[in-house]
Amino acid sequence: MAFDLSHLNPEQRDAASHFEGPLLVLAGAGSGKTRVLTTRIAWLVEEMGVDPGSILALTFTNKAAGEMRDRVRKSLGREPTGMWIGTFHSIGVRILRRDAQRLGYSPGFSVYDADDADGLTKRIIRDTLQLDPKKWTPRSVHGAISSAKNELTGPDAYAERALDPFEKVVAQVYPLYQKALRDANAFDFDDLLVKPVQLFRDNPHVLRRYAGRFRFVLVDEYQDTNRAQYVFLRQMAEEHRNLFVVGDDDQSIYGWRGADIRNILDFEKDFPDARVVKLEQNYRSTQTILEAANRVIEQNVHRKGKTLRTDHVGGERITLVEAADEADESQWIAEEIRGRLADSPSLALRNFVVLYRTNSQSRSVEEALRRERMAYRVIGGTRFYERREVKDALAYLRLVANPAADEAFLRIVNVPRRGIGDTTVTRLAEHAAARGIPLLAAAEQAAAIDGIRGGAAKALPELAALIRKYAALASTGGMRLDVLLRELVMESGLVDALRAEGDEGKDRIENLEELVNGAAEVQRRLEEEDPELMMEMEAAGEDESARPLDVFLGHVALVADIDQHDPQADAVSMMTLHNAKGLEFPFVFIAGLEDGLFPLTRAYDEPADLEEERRLFYVGVTRAERKLYLTHAKRRRRGAQFMDSTPSPFLESVPQDLTEARRTARVLERSAYSQPWKSSGAYTTRRERLFGGSPSWKAPASTASRGGGGDDETYQVDYSDSQDLPSMRKGSRVRHPSFGAGTVMELTGHGSEVKAAIEFDNVGRKTVVLKYANLEPEWE
DNA sequence: TCAACTGCTCTTTTT
DNA sequence: GAGCAGTTGA
């Protein structure tokens with residue numbers, strides 16, 4: 001019986017049943033490219049009798065990899081045993097786990113995250129090179145190194161090309177940085193892409209092993225590949241040439257991290273025997289939405305050029321919303337969702353998504369949804385593993401897995417406090433550097449190091465002994481991973497220290513419990529021999545192999561969404577536009593369509609950047625199946641200051657006959673009476689009542705000439721951002737999250753920098769910056 | 001020498 | 001609010 005391809009249209013079928021040779025699928029948004037990818041995999045296995053173990057499928061996010069694996073499993077009706085499906089980074093880890101010894105690493109290596117990498121860069125700039133880390137910020141230096149690595153430019157080649165002073169500094173740091181990583185038995189994110197390429201280049205027989213095994217290579221979101229990824233693919237496919245890539249140049253939004261749009265534009269040049277299939281039929285959106293999307297992307301010059309078609313006709317108009325400020329905008333969105341739900345009982349919260357350019361925009365939307373008592377989940381933003389206590393616990397664990405991981409050691413050496421300060425650490429680092437040993441090893445000898453005395457001389461060997469003890473436990477495999485982690489956070493004193501922090505510490509302890517649950521999950525999957533995880537256990541080395549601990553840490557480093565594991569939950573989704581790629585929702589709100597925010601101001605410097613912002617907008621528009629809302633606010637707080645905003649120029653490219661314009665009640669009211677100080681809205685009104693009404697302080701006259709004028713400034717503080725900066729006056733009773741209840745004694749400053757001197761009932765007088773203090777009215 | 005405190009700066013997007 | 005540098009008191 002022939003494999004059934006009847007669920008595909010002719011172009012899709014053409015692509016999915018392509019057997020050998022390079023193929024580029026130029027797939028528009030919503031054209032079913034994921035379906036084509038998974039169908040091709042199933043077709044190869046079922047119809048052509050290809051061994052699943054010879055298929056390698058690469059994606060950019062873990063989410064996409066997980067979905068692809070699920071779909072393949074479903075369409076095969078069984079586990080695709082031996083097939084490798086994963087992100088470029090996770091595949092890199094797998095390869096390195098097996099073959100890192102050839103690069104001088106051991107399989108228990110660490111993966112340094114961005115913080116670790118910045119920290120290491122900083123130490124090199126400050127301590128080794130004795131340069132000023134303020135002048136040469138670790139972030140930008142590491143960014144330059146990262147870019148160089150992604151272009152496969154090594155330290156020597158970089159140094160030859162370094163011209164300006166900044167590049168000269170980078171050229172000094174770069175080789176030291178690479179050496180420090182190797183000494184720490186650690187890879188950074190970029191290494192996970194670059195090191196396999198080096199490995200293959202220097203060991204042709206290793207490449208032959210992989211290329212010989214994976215006869216079919218598939219890549220999703222090919223437009224996002226950078227130079228290193230491109231070379232990796234070329235290495236893998238050079239001989240068999242079965243490279244199947246799917247992408248959309250119009251959705252290239254990762255230029256800033258090295259994605260090279262030329263990889264897709266020049267695919268036919270690079271692979272002259274390549275076939276190209278275009279998928280221009282869109283199955284996702286209404287005609288209205290699609291027409292708008294086409295108009296938007298037409299404005300870009302650098303593109304292959306596709307025009308999406310749909311069989312859907314008509315569709316609801318796109319709603320453009322003008323709001324007074326971000327709180328008003330968020331409130332409007334929340335109420336619109338409520339209204340939609342009330343109109344159609346078949347709709348659920350999960351049918352709605354709010355998209356924005358920057359993570360910080362999520363806050364006001366969250367507040368509005370909370371107020372309306374609607375469930376929501378925020379994708380991205382402050383991730384679980386980025387939380388302080390989680391990073392601390394993981395640092396302990398990483399040190400246990402890899403005693404050479406100096407960044408982990410530095411993180412926890414005085415957490416919880418054990419009386420080890422900067423001076424002690426510096427002495428320790430000097431000792432370690434002189435002997436070429438890791439910090440942890442130096443800590444064992446602390447008592448013998450000049451200048452380390454007293455408490456530190458005792459605490460350091462104790463810490464080292466603790467780590468050694470758990471390292472031994474991890475190696476024998478006698479203790480379950482989750483049990484090990486639990487005991488480690490207890491015995492290290494981490495939990496006790498958090499307990500002493502009070503309410504906030506309680507939340508943090510809960511997060512640690514969550515982490516222990518994550519460890520238990522990995523342990524369980526390994527015990528059940530989950531094929532996906534088992535693959536990482538089979539390291540190539542004979543004497544050393546990966547342990548559950550290594551597998552867990554590898555996952556934590558690469559999998560961002562340990563804490564948002566519930567795709568079925570009925571909740572409104574919120575995420576950045578970058579995170580939205582590949583997803584679809586019936587109802588989509590794109591918030592913050594203001595000049596300077598979206599597109600960001602800095603994008604105006606480079607035409608290419610502006611085109612990338614426009615592609616980002618295009619990605620957002622094409623997420624919508626049924627209805628699209630584009631909202632903007634006339635005024636928004638950005639960082640420490642307020643900005644009057646004009647609508648995004650992107651809105652001009654959306655044809656008027658496809659849209660309807662709306663204004664929030666607050667905007668209407670204000671323009672009707674033109675009395676901006678008479679702000680309305682239930683929430684503000686409640687605040688006004690609570691705080692006794694009229695504003696009781698003014699911007700000092702001296703600031704009146706700044707920005708929009710003095711009146712404006714006062715108005716901003718008192719009303720328009722009342723949710724962030726409650727209106728108050730001398731004598732108001734307030735509650736501070738850590739200081740408790742108190743009475744406002746004095747108000748100084750202006751604009752967003754208003755400070756309040758507060759006499760707290762328990763802790764006395766403190767001065768707080770209103771913007772950050774998170775004060776609540778005290779209910780009495 | 002260290003912990004606690006003050007004051008200052010910072011906020012694009014992500015593996 | 002967080003991270004960091006600089007200061008102060010113990």
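## About the model

This is a predicted model, in which local features need pLDDT of at least 70, side-chain atom pairs count only at pLDDT 80 or more, and totals for chains, interfaces and linings use all residues. Residues are numbered from 1 along each chain as its sequence is written, chains are lettered from A and ligands numbered from 1 in the order in which they are written, and side-chain values use heavy atoms, with hydrogens and water left out.

T424, V425, L428, H431 and A432 of α19 are buried (buried means under 20% relative accessible area, exposed over 50%, partly exposed in between, with a 1.4 Å probe and protein chains only). These residues cover an arc of only 125 degrees around the axis, which puts them on the same side of α19 (the arc is that of the directions from the helix axis to the C-beta atoms). An α-helix has 3.6 residues a turn, so residues three or four places apart point the same way. On the other side of α19, D422, T423, E430, A433 and A434 are exposed. The cover over the buried residues includes α18 (406-412), α20 (439-444) and α21 (454-476) (contact means heavy atoms within 4.5 Å).

## Glycine after the helix

Just after α19 comes G436, with a positive phi of about 65 degrees. G436 sits in the loop between α19 and α20 and counts as exposed at 66% relative accessibility. Its C-alpha is separated by 48 Å from that of Y356, 80 residues apart along the chain.

## Where α4 meets α9

Helix α4 (residues 88-99) packs against helix α9 (residues 189-202) at an angle of about 55 degrees, with the axes 8 Å apart (axes are lines fitted to C-alpha atoms, for helices over the stretch in contact, and angles run from 0 to 180 degrees between N-to-C directions). The two helices are therefore oblique to each other (under 35 degrees counts as roughly parallel, over 145 as roughly antiparallel, 65 to 115 as roughly perpendicular and the rest as oblique).

On the α4 side, the contact is made by F88, H89, G92, V93, I95, L96 and D99. Among the α9 partners are F189, L192, L193, P196 and F200.

## A buried loop serine

S54 belongs to the loop between α2 (33-46) and β2 (55-59), and is buried, with a relative accessible area of 9%. Neighbours within four places in sequence aside, S54 is in contact with R213, F214, R215 and F216.

Conventions: Helices (H or I, at least four residues) and strands (E, at least two) are DSSP runs, numbered from the N terminus.
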